[in-house]
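This report describes selected local features of one protein chain. The sequence and the structure come first, and the description follows.

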Amino acid sequence: MVTRTVDLRSDTVSKPTEAMRAAMANAEVDDDVLGHDPSALRLETEMAKIMGKEAALFVPSGTMSNLISVLVHCNIRGSEVILGSKSHIHIYENGGISTIGGVHPRTVKNNEDGTMDIDLIEAAIRDPRGEIVYPTTRLICLENSQGSCGGRCLSVEYTDRVGELAKKHGLKLHIDGARIFNASVALGVPVSRLVQDADSVSVCLSKGLGAPVGSVIVGSKSFVAKARILRKTLGGGMRQVGVLCAAALVGVQENVSKLEDDHKKAKMLAEGLNQIKGLRVNVAAVETNIIYIDVVEGAAEKLCKNLEQHGILIMQESPISIRVAFHHQISASDVQYTLSCFKQALTGVVQEDNGI
């Protein structure tokens, strides 16, 4: 019988805190589609200020926030967006930019550190003289932190260079900042500075910040005005949405400061796992809250099932790889318990100190 659960599948699995539930119960609300919900306006105003942009818009999900952003920038069907080969937009968002927006993706290889080579980005920009046969490049997308590269952080210097490249060619820059606060904390750089050169940023509120639902898009007032229309078109306009925004505001105010602790616990687990025979972890690559673990014998599925029997929930990425992600409801004791369960699963030796 499982007596303890440590859920490391994703940072999206955290539960609303008591403060969030109280804020939701007491939220001041109105009709947000009509633009009058005070709790939504409060969250949007605060997020625009934190991100250093003119305006913000609350939307139901990160997938919708990225889709809306791409469609605002690429408002002519047949436009092309340059993005990473491992980007969330390209792999995990149902191809929405193509199926719904008629936008063509042109991928550039993501390096292990989450970046794309600047010269390869520039080489991917279509020559306008070939418009009779080519799609028209209108947008570059970055992801920070880069989830599929293990939560790696894109530096200010790198982002600035991509921003300069976009301006040079008359393109827009969108940052998928699902975990932008993780990157900000890990780099020790204000989030507004990290996204300074971006024309738009999507920020997930239900990952590390722990809100139950939602993302925010930030940008110029004109950008957000267009985004608001697209949100309605896509079915994302909600009425008394302040009930959700109130919880999200608590997450922004209370949980950003907890991200550093998430990162420390992730590093602690990575170092411990890397010492277990049969596992391999690039500890130096663990910069934020995500760890990718190689299972040497290629028995990832068997290992995941074994761990689940002990209440450890993790995500299998491939036959030889698994992923864990930390959030603020994972304790130091949970880390020790998880390590003991991994050791038992791989060596068959029961640990005396299992963190309980």
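## Cysteine 141 and its surroundings

In this predicted model, cysteine 141 is in contact with Val70, Val81, Ile82, Leu83, Gly84, Ile89, Met116 and His174, leaving aside its neighbours within four places in sequence. Cysteine 141 belongs to strand β5, which covers residues 136-143. With a relative accessible area of 4%, cysteine 141 counts as buried because the cut-off is under 20%. One of its contacts, His174, is 33 residues away in sequence, yet the C-alpha atoms of cysteine 141 and histidine 174 are 4.8 Å apart in space.

The loop between β5 and α7 (156-168) contains serine 145. The peptide bond leading from asparagine 144 to serine 145 is cis, and its omega is near -5 degrees.

Asparagine 94 is located in the loop between α4 (88-91) and α5 (96-99). Its phi is near 60 degrees, which is a positive value in a residue other than glycine. Asparagine 94 has a relative accessible area of 72% and is therefore exposed, the cut-off being over 50%.

| Helix | Residues | Number of residues | Span, first to last C-alpha | Expected span at 1.5 Å a residue |
|---|---|---|---|---|
| α2 | 38-51 | 14 residues | 20 Å | 20 Å |
| α12 | 259-273 | 15 residues | 21 Å | 21 Å |

In α2 the buried residues are Pro38, Ser39, Ala40, Leu43, Glu44, Met47, Ala48 and Met51. At the start of α2, the backbone nitrogen of serine 39 has a side-chain oxygen of aspartate 37 within 3.0 Å.

In α12 the buried residues are Leu259, Asp262, His263, Lys265, Ala266, Leu269, Ala270, Gly272 and Leu273. The elements covering these buried residues include the helices α8 (180-187), α11 (242-255) and α14 (332-347), together with the strands β9, β10 and β13 (321-325).

Which side chain of opposite charge is nearest to aspartate 262? Aspartate 262 lies in α12, and the nearest such side chain is that of lysine 265, 5.0 Å away. A salt bridge requires a distance within 4 Å, so aspartate 262, although buried, has none. Not counting residues up to four places away in sequence, aspartate 262 touches Phe326, His327 and His328.

## Asparagine 289

Asparagine 289 is placed in the loop between β9 (279-280) and β10 (290-295). Is this asparagine 289 buried or exposed? At 1% relative accessibility, asparagine 289 counts as buried. Its side chain makes a polar contact of 2.9 Å with the side chain of aspartate 11. Beyond its neighbours within four places in sequence, asparagine 289 is in contact with Asp11, Arg179, Asn182, His263, Ala266, Val324, Ala325 and Phe326. Among these contacts are His263 and Ala266, which are also listed with the buried residues of α12. Phe326 is a contact of asparagine 289 and is touched by aspartate 262 as well.

## Domain annotation

An unreviewed UniProt entry lists residues 7-294 as "domain: Aromatic amino acid beta-eliminating lyase/threonine aldolase". In the model, the end C-alpha atoms of residues 7-294 are 19 Å apart, and the span is 40% helix and 17% strand.

Conventions:
Residues numbered from 1 in each chain as written. Predicted model: local features only at pLDDT ≥ 70, side-chain atom pairs only at ≥ 80, totals over all residues. Heavy atoms only, no water. Helix = DSSP H or I, 4+ residues; strand = E, 2+ residues; numbered from the N terminus. Expected span 1.5 Å × (residues − 1). Buried < 20%, exposed > 50% of the residue type's maximum accessible area, 1.4 Å probe, protein only. Polar contact = N/O pair within 3.5 Å; in protein donor to acceptor, adjacent residues only side chain to side chain. UniProt positions renumbered as here; feature names shortened; annotations may be inferred. Contact = heavy atoms within 4.5 Å. Lys, Arg positive; Asp, Glu negative; His and termini not counted.
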